Amino acid sequence: MSGTDPGGQPTKRTLRRDFLAVRSRFTQDDVEKAASVLAERALELPELARARTVAAYVSVATEPGTRALLDALHARGTRVLLPVLLADNDLDWGAYDGAGSLVRVQHRGKIELLEPAGERLGPDAVLTADTVLLPGLAVDERGMRLGRGGGSYDRVLARLERAAADPALVVLLYDSEVVAHVPVEAHDRAVRAVVTPSGTRRFR
């Protein structure tokens, strides 16, 4: 099977494999140092500074760390929504109330996730968010994001679009994951900004 599309560009599948391979070599110390800097930079974003509600996620393994950012937003008084993975890969949401409000959930055939333990607010709760932090593996010079391929956030973005909701979309990445080009499909949407340890880049 070829790892390139008809135009000779790497396919999403090939790119995901390559970016995940690089992340797999990071140490826990690498991840924690980057997470601290990412939180500082993200908190300076006007989209997060002004937000009353932020839909975010709990990073796992060697993903760019979000825990320090979640705690800082919560301490600031921002309402933070975190996803709950449903059986069909859609996302429900619950409120973050500090580290003690998370539980470990092992989803069949998938990685163990940390999810909010409290009340389920429904998939449409994301429509209340002023800013949505999207997980990703890369973003290109147009602001187009390469996701992990599970489809959960495609559903979130489609739900936002159907409701004519327009929260700021932000992605946290490592420096090497801001690239010249990622493949794009019709349903993909550009993000407003990418935050990396070396700085923030804004689009449109």
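This is a predicted model: local features need pLDDT of at least 70, side-chain atom pairs count only at pLDDT 80 or more; totals for chains, interfaces and linings use all residues.

Colleague: Where does serine 198 lie?

Modeller: In the loop between strand E10 (193-196) and strand E11 (199-202).

Colleague: Is serine 198 buried or exposed?

Modeller: Exposed. Its relative accessibility is 56%, and the cut-off for exposed is over 50%.

Colleague: How far apart in space are serine 198 and valine 37?

Modeller: Their C-alpha atoms are 8.4 Å apart. In sequence, serine 198 and valine 37 are 161 residues apart.

Colleague: Let's zoom out. How many helices and strands does the chain have?

Modeller: Five helices and 11 strands.

Colleague: What radius of gyration does the chain have, and what would a compact globule have?

Modeller: The chain has 16 Å. A compact globule with 204 residues would be near 17 Å, so the two agree. Along its principal axes, the C-alpha trace spans about 45 × 35 × 35 Å.

Colleague: What share of the residues is buried?

Modeller: 50% of the 204 residues. The accessible surface comes to about 10000 Å². Carbon and sulfur atoms hold 50% of that surface.

Colleague: And contacts along the chain? What share joins residues at least 24 apart?

Modeller: 68%, counting contacts between residues at least 6 apart in sequence.

Colleague: What about charges? How many positive and negative ones are there?

Modeller: There are 28 positive and 28 negative charges. Their mean positions are 2 Å apart.

Colleague: Now a helix. How many residues does H1 have?

Modeller: H1 covers residues 12-23, so count 12 residues. From first C-alpha to last, H1 reaches 16 Å, close to the 16 Å expected at 1.5 Å a residue.

Colleague: Which residues of H1 are buried?

Modeller: Lys12, Thr14, Leu15, Arg16, Phe19 and Arg23.

Colleague: Why do residues three or four places apart point the same way in an α-helix?

Modeller: Because an α-helix has 3.6 residues a turn.

Colleague: What do the buried residues of H1 pack against?

Modeller: Strand E7 (138-139) and strand E8 (145-146). Aspartate 140 sits in the loop between E7 and E8.

Colleague: Is aspartate 140 buried or exposed?

Modeller: Buried, with a relative accessible area of 0%. Aspartate 140 is in contact with Val179, Ala180, His181, Val182 and Phe203, leaving aside neighbours within four places in sequence.

Colleague: On to strands. Which strand holds alanine 55?

Modeller: Strand E1, residues 53-55. Alanine 55 is buried, at a relative accessible area of 1%.

Colleague: What does alanine 55 touch?

Modeller: Leu81, Trp93, Val126, Ala129, Thr131, Val132 and Leu133, not counting residues up to four places away in sequence. Also, the C-alpha atoms of alanine 55 and proline 167 are 9.6 Å apart. Those two are 112 residues apart along the chain.

Colleague: What about valine 170? Which strand is that in?

Modeller: Strand E9, residues 168-172. Valine 170 is buried, with a relative accessible area of 0%.

Colleague: Which residues is valine 170 in contact with?

Modeller: Leu45, Thr131, Val132, Leu133, Leu134, Ala193 and Val195, setting aside neighbours within four places in sequence. Valine 170 and arginine 192 are 5.8 Å apart, C-alpha to C-alpha. In sequence, they are 22 residues apart.

Colleague: Last topic, backbone angles. What is phi of alanine 61?

Modeller: Near 50°, a positive value in a residue other than glycine. Alanine 61 is in the loop between E1 and helix H4 (67-76). Alanine 61 is exposed, with a relative accessible area of 60%.

Colleague: And what is phi of alanine 164?

Modeller: Near 55°, again positive in a residue other than glycine. Alanine 164 lies in the loop between helix H5 (152-162) and E9. At 68% relative accessibility, alanine 164 counts as exposed.

Methods. Residues are numbered from 1 along each chain as its sequence is written. Side-chain values use heavy atoms; hydrogens and water are left out. Helices (H or I, at least four residues) and strands (E, at least two) are DSSP runs, numbered from the N terminus. The radius of gyration is taken over C-alpha atoms; the globule rule is 2.2 Å times the number of residues to the power 0.38. Buried means under 20% relative accessible area, exposed over 50%, partly exposed in between (1.4 Å probe, protein chains only). Contact means heavy atoms within 4.5 Å. Accessible areas come from the Shrake-Rupley method with a 1.4 Å probe; for residues, only the protein chains shown count as cover. Lys and Arg count as positive and Asp and Glu as negative; His and the chain ends are not counted. The place of a charge is taken as NZ of Lys, CZ of Arg, CG of Asp or CD of Glu. The expected span of a helix is 1.5 Å times one less than its number of residues.
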